[in-house]
Amino acid sequence: MTVQWTRKDLVGLQDLSAGEIELVLDTAKSLQEISLRPIKKVPTLRGRTVANLFFEPSTRTRISFELAEKRLSADTIHVAGSTSSTVKGETLIDTIRNIESLKVDMMVVRHSASGAPHRLARMSDVSVINAGDGINEHPTQALLDMFTIREKKGKLAGLKIAFVGDILHSRVARSNMWGLTRLGAKVIVCGPKTLLPPKVEAFGVEVTTDLKEAIQDADVINLLRIQSERQAQSYFPSIREYANSYQINSEVLKHAKPGLLIMHPGPVNRGIELSSDVMDGPYSVILDQVTNGLAVRMAVLYLLSGVRAKVEKE
Amino acid sequence: MNSSKIILSSEEVSKAITRIAHEILERNPNRTEQIALIGIRTGGAVLAKRFQDTLQVIAKREFPLGILDITLYRDDLSEVGPQPDVKETKIDFDVTGKIIILVDDVLYTGRTIRCALDAIIDFGRPECIQLAALIDRGHRELPIKPDFIGKNIPTSKSEEVYVKLREKDGKDEVIVASKDPV
């Protein structure tokens, strides 16, 4: 492998080269085995401290990062938005300055404002990992999606990968679009017109409002949750009407390609974007995604930890 | 490469492997069924496979074989990055109660072996771990001693020892060369 990881931060997939993405995926492949050992831990990040700063609710991503940190022997601290001093009026920057003063080595940040982790990464010597910023990016989710596809299909290039649902508010879709197109996959995004971002073609993806067209010959269908917390304004007449047009169920999958993969970043609204029988059926790799997320996050922590040390020495 | 010298020829490498295989069986009489091999990536893993093949011919039984990547256990990871590539560790058998023959190509400072010992113990509790290396070049920095050695070579720290193996380099050969061509 000739590519080396030289970035202090992972804020998104937008800037990553195909080689860098593959390095993360290959490293994750090597780290997978640790979670199958009797002692599920390696000493690699012993003495390093990671702060998990979740200013927006999260279960799966937070647990996944926390476990990844522990499996690499890092010390961890957690700050949740609802319990932090930001509710007392402290600015994000001040909160971060305070955490930096505790000599933390890495920060995992989730924030409702798009670009917040990028800002922190620029102002801090600490390594920053974006765990989801607004509607912008969720790089580790996209990396674990790509890892899962590569595990199941042996490759990414040339595959047809459909994203169905709320593309407009989806940082998962955005990160995936950057990453998948860079690795040569054919991406098509599908949803009601109101949930498709304007000029989404600029990502180098195809766009359709017709579910049939999206899933025709698809190797992978990645479903996006209908995000009720972001639905203050109405994007479609009713949940039922959305489900009628865009739900993935056994009926619409009648002509699915053999070996199709159904993915979902979770949490799933059963019976809305995805029917229960398909979610629990043979195409579904949703729980593999969760398992793989651990190895992918360990890989990111490992790769960034080397660069952090360099900053320290200079 | 200036002033390089062949230390072991292809034939001598084969002889050393066969001899060490016999020594492993002699050292562990009546308990060959407990013997398992673990090779340290990359050279040690290739050698461990050779030992496995040779032992199977001599003892007429199967021996489990694992591959170990010690990167995650290195004591110099906090030094200047970027991080070295991590390759997969593959130990598909239970190490508990086994006589583990840990295999490396060149024994030098002993730091790699320290990593390997820590890693193996994360997989279980072997009855014992014995160390086999094709070359012992000295300069130990830790109290580690081999059980089986192909050849002792006095070297200076400015020299490099290259163990070439046909599986990865096309032929078997051990070369000592000065590190920095003047």
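User: In which sense do strand S5 (residues 128-136) of chain B and S6(B) pair, and over how many bridges?

Analyst: This is a predicted model, and in it S5 and S6 of chain B pair in the parallel sense over four bridges. One of the residues involved is B:Ile135, whose bridge partner in S6(B) is B:Lys151.

User: What makes strand S3 (65-68) and strand S6 (148-152) of chain B edge strands?

Analyst: Five strands of chain B form an open sheet with parallel pairing, in the order S3-S2-S4-S5-S6. Strands S3 and S6 each pair on one side only, and they are the edge strands. Neighbouring strands of this sheet are turned by 25 degrees against each other on average, with direction ignored.

User: Which helices of chain B lie against these strands?

Analyst: Helix H1 (residues 10-27) packs on the sheet, where it touches S2, S4, S5 and S6 of chain B, and its direction makes about 150 degrees with that of S6(B). Helix H3 (residues 111-121) lies across S2, S3, S4 and S5 of chain B, running at about 155 degrees to S4(B).

User: Why is B:Leu142 called exposed?

Analyst: B:Leu142 has 12 other C-beta atoms within 10 Å, and since a residue counts as exposed when that number is 12 or fewer, the residue is exposed because its value falls within the cut-off. B:Leu142 lies in the loop between S5 and S6 of chain B, and, leaving aside residues up to four places away in sequence, it touches B:Thr109, B:Gly110, B:Arg111 and B:Arg114.

User: Why is A:Ser73 called partly exposed?

Analyst: A:Ser73 has 15 C-beta neighbours inside 10 Å; exposed would require 12 or fewer and buried 20 or more, so the residue falls in between. A:Ser73 lies in the loop between helix H2 (60-71) and strand S2 (75-80) of chain A.

User: What is noted about the phi of A:Ser73?

Analyst: The phi of A:Ser73 is near 70 degrees, a positive value in a residue other than glycine. Most residues other than glycine have a negative phi.

User: Where in chain A does pLDDT stay under 50?

Analyst: It stays under 50 over residues 309-314 of chain A, although the mean pLDDT of chain A is 93. Where pLDDT is low, the predicted coordinates should not be read in detail.

Technical notes. Residues are numbered from 1 along each chain as its sequence is written. Chains are lettered from A and ligands numbered from 1 in the order in which they are written. This is a predicted model: local features need pLDDT of at least 70, side-chain atom pairs count only at pLDDT 80 or more; totals for chains, interfaces and linings use all residues. Two strands pair if DSSP finds at least two bridges between them. Helices (H or I, at least four residues) and strands (E, at least two) are DSSP runs, numbered from the N terminus. Axes are lines fitted to C-alpha atoms, for helices over the stretch in contact, and angles run from 0 to 180 degrees between N-to-C directions. Two residues are in contact if their C-beta atoms, placed from the backbone, lie within 7 Å. pLDDT is the predictor's confidence in each residue, from 0 to 100.
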